[in-house]
Amino acid sequence: METKNAQPSFGELINGSKPVLVDFSAEWCGPCKMMPPILKELKNMTGDDVVILKMDVDRNPKLAAAYQVQSVPTLMVFRNGEVKWRQSGVMNARELKGVIDRFKV
């Protein structure tokens, strides 16, 4: 009997019609430490309109390599399995909301 993992995979998450913001980061990265409160503020602004994921590049090196993440933080917006937008560096919540609003259903 096969048991299904309750957590959806990264592939399942980014294949949805809802925009998914992925923050590729690392524990040792100073600017990355600025992102959690920004992402929390963004979530408060967007509610369920967007899925926000934090991805540690050291724990997920294959995923980081697959998307050619060279520096952290790198932010990417996925929709329907495609990278719709990407940028390296810290951005504020209002800027990120403007980006996400372009890809909402």
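Tutor: T74 has a relative accessibility of 1% and therefore counts as buried (under 20% relative accessible area, with exposed over 50% and partly exposed in between, for a 1.4 Å probe and protein chains only). The model is predicted, so local features need pLDDT of at least 70 and side-chain atom pairs count only at pLDDT 80 or more, while totals for chains, interfaces and linings use all residues. Residues are numbered from 1 along each chain as its sequence is written, and side-chain values use heavy atoms, with hydrogens and water left out.

T74 lies in strand β3, which covers residues 74-79 (a DSSP run of E, at least two residues; helices are runs of H or I, at least four). Leaving aside residues up to four places away in sequence, T74 touches V22, D23, F24, V69, R86, Q87 and S88, where contact means heavy atoms within 4.5 Å. With S88 there is also a polar contact between the two side chains, at 3.0 Å (N or O atoms within 3.5 Å, one able to donate a hydrogen and the other to accept it).

As for the helix pair, the axes of α2 (residues 35-46) and α4 (residues 93-101) come within 9 Å and cross at roughly 50°. Where they meet, α2 contributes M35, I38, L39, E41, L42, M45 and T46, and α4 contributes A93, R94, L96, K97 and I100.

Conventions
Axes are lines fitted to C-alpha atoms, for helices over the stretch in contact, and angles run from 0 to 180 degrees between N-to-C directions.
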